[in-house]
Amino acid sequence: MKIHHLKPAPGAHRPKTRKGRGEAAGKGKTAGRGTKGTGARGNVPAGFEGGQMPLQRRLPKEPGFTPRNRVEYQTVNVGRLEASFADGDEVDPDVLRERGLVRRGSAPVKLLGDGELTAALSITVDAASGSAVAKVEAAGGSVTTANS
């Protein structure tokens with residue numbers, strides 16, 4: 001047997017249907033598109049929903065949608081640092097996790113400015129609000145963030 005002797009199994013190969021070639025052919029006149037409507041006319045863009053707001057434009061407005069590039073910070077207020085640290089302590093995300101001030105292990109930590117602070121602390125976090133930095137520096141401490 002040679003390659004030119006091979007042929008498909010009986011019934012496996014069917015000839016191409018030629019649409020729009022007369023009524024007798026079975027797919028004439030409307031060529032299988034029915035009558036009227038968008039599908040009977042020209043090209044319809046992928047994702048077109050008949051004038052309804054398409055899914056890809058609706059999704060960001062729906063509840064429960066979270067953008068992929070959004071950063072979810074764990075937050076800690078300067079007022080909570082007052083009770084947990086003494087004057088001159090070094091504070092970083094690992095120490096905050098050890099003392100139970102933040103929980104999730106991998107999430108970045110952001111320092112917020114609610115509360116009062118009198119201890120001079122050296123704080124290293126991923127982000128900090130302006131009011132938090134002002135309160136720490138007013139108490140004689142310093143804040144270092146990941147982006148500075």
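1. Burial and surface. In this predicted model, 21% of the 148 residues of the chain count as buried. The chain exposes about 11100 Å², and carbon and sulfur atoms supply 50% of that area.

2. Overall dimensions. The radius of gyration of the chain is 34 Å, whereas a compact globule of 148 residues would have one near 15 Å. Along the principal axes, the C-alpha atoms fill a box of roughly 95 × 50 × 25 Å. Among contacts with a separation of 6 or more, 43% join residues 24 or more positions apart.

3. Secondary structure. The chain contains four helices and six strands. Read from the N terminus, their order is α-β-α-β-α-β-β-β-α-β.

4. The largest nonpolar core. This core has 20 residues, and those that touch the most other members are Val-76, Leu-81, Phe-85, Leu-96, Leu-111, Leu-121 and Ile-123. Two or more residues each come from helix 2 (78-84), helix 3 (93-98), strand 3 (109-112), strand 4 (122-125) and helix 4 (130-138). As a general background, nonpolar side chains in soluble globular proteins tend to be buried together.

5. Leu-121 within the core. Which residues does Leu-121 contact, leaving aside its neighbours within four places in sequence? The partners are Leu-81, Phe-85, Ala-86, Asp-89, Val-91, Val-136, Gly-141 and Ser-142. Of these, Leu-81 and Phe-85 are also listed, like Leu-121 itself, among the core residues that touch the most other members.

6. Strand 1 and its partner. Strand 1 and strand 3 run parallel and are joined by four bridges. Within this pairing, Val-76 stands opposite Leu-111 of strand 3; both residues belong to the core described above.

7. The two faces of strand 1. Gln-74 and Val-76 form the covered face of strand 1, while Thr-75 and Asn-77 form the uncovered one. In a regular strand the side chains alternate between the two faces of the sheet.

8. Gln-74. This residue lies in strand 1 (residues 74-77). Is Gln-74 buried or exposed? Gln-74 counts as buried because its relative accessibility is 7%, which falls under the 20% cut-off. The side chain of Gln-74 reaches the backbone nitrogen of Arg-103 at 2.8 Å. Not counting residues up to four places away in sequence, Gln-74 touches Arg-97, Val-102, Arg-103, Arg-104, Ala-107, Pro-108, Val-109 and Lys-110.

Definitions and conventions:
Residues are numbered from 1 along each chain as its sequence is written. This is a predicted model: local features need pLDDT of at least 70, side-chain atom pairs count only at pLDDT 80 or more; totals for chains, interfaces and linings use all residues. Side-chain values use heavy atoms; hydrogens and water are left out. A nonpolar core is a set of buried Ala, Val, Leu, Ile, Met, Phe, Trp, Tyr and Cys residues joined through side-chain atoms within 4.5 Å. Buried means under 20% relative accessible area, exposed over 50%, partly exposed in between (1.4 Å probe, protein chains only). Contact means heavy atoms within 4.5 Å. A polar contact is a pair of N or O atoms within 3.5 Å; within protein, one must be able to donate a hydrogen and the other to accept it, and residues adjacent in sequence count only if both atoms are side-chain atoms. The radius of gyration is taken over C-alpha atoms; the globule rule is 2.2 Å times the number of residues to the power 0.38. Accessible areas come from the Shrake-Rupley method with a 1.4 Å probe; for residues, only the protein chains shown count as cover. Two strands pair if DSSP finds at least two bridges between them.
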